[in-house]
Structures are given as C-alpha cells and as structure tokens.
Amino acid sequence: MADLPAWLAEIRFDEHGLIPAIAQDQATGKILMVAWMNQESLQETVSTGRAVYWSRSRQRLWRKGEESGHVQHVSDLRLDCDGDVILLSVEQLGQIACHTGRESCFYRQLQGQSDQAQWVTVDPVLKDPEHIYR
C-alpha cells in the first residue's frame, strides 16, 4: 500500500478503520447528521468536494445523495483535538439530510422530567421518503 498523505496519517481511525463524521450546515450551523468515514471515503470527499461516507449497513461507500439527490457539497473539513472525529461544513442540496425526509437526523427532542420524559418529534417531514428513494 502506498504511503498515506500526511494529513490522512494524522487521523485516528477506530479498530474498524472508521471515524465519526458530523455534517453541519455551513449557513445555519445546524447539525444535520452523523455518519462514518474510512480512508477511502475521506480521500474521495477531499478530492471531489462532495460528502462521501462509509455505510456500515451496506458495507460500501455511500455518496450522499446518490439515490435521493440530496448531495452535500463540502466547504470545510475539520479534525477534532484528539484526531478521532471529523466535522464537515456542508451545503445541503434540497434542504433534506435525513432519510426520513427531514432537514436533520436530530428531529426528536427529549421533553419532560425524569421518569416522565419522552422523545417528541419536533421537526416536520419536508418530503415523503417514499418519493425520495428509488
């Protein structure tokens, strides 16, 4: 295997060769989603400017928007202080990042106190997922 670029060698991937990647809307600062990247997906993201993740369920590269059209254009990449989390600043095309048809994957909010607390859906579905995925 060829030597890694110096920037990639600084990243601390986990025992599965993955690193968590947080996608944040560049305009609003809203957290859109958390996914996983491996070396290949990270290198492709850097070379193309388009978010590419590693799908743990499909065991393959996942080019965000390949089915839905909801592509993420990456404007900035940051590495946390421990070198084990990536933050992507993105332009989210179509305003939908979540497979549920919502802007963000973080659409449920804990409401109430202690034993009475419950998760409440607080963000609307912008587009029915049945009409998004082929």
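Student: Is cysteine 105 buried, partly exposed or exposed?

Tutor: Quick ground rules: this is a predicted model, where local features need pLDDT of at least 70, side-chain atom pairs count only at pLDDT 80 or more, and totals for chains, interfaces and linings use all residues. Residues are numbered from 1 along each chain as its sequence is written, and side-chain values use heavy atoms, without hydrogens and water. Buried means under 20% relative accessible area, exposed over 50%, and partly exposed in between (1.4 Å probe, protein chains only). Cysteine 105 has 32% relative accessibility, so it counts as partly exposed.

Student: And cysteine 98, buried or exposed?

Tutor: Cysteine 98 sits in the loop between strand S6 (86-92) and strand S7 (108-111); strands are DSSP runs of E, at least two residues, numbered from the N terminus. Its relative accessibility is 2%, so cysteine 98 is buried.

Student: Which residues does cysteine 105 contact, leaving aside neighbours within four places in sequence?

Tutor: Cysteine 105 is also in the loop between S6 and S7. Contact means heavy atoms within 4.5 Å. With those neighbours left out, cysteine 105 contacts Leu32, Met33, Ala97 and Cys98.

Student: In S8, which residue is the bridge partner of glutamine 109?

Tutor: S7 and strand S8 (residues 118-121) run antiparallel, joined by four bridges; strands pair if DSSP finds at least two bridges between them. Across that pairing, glutamine 109 has as its partner valine 120.
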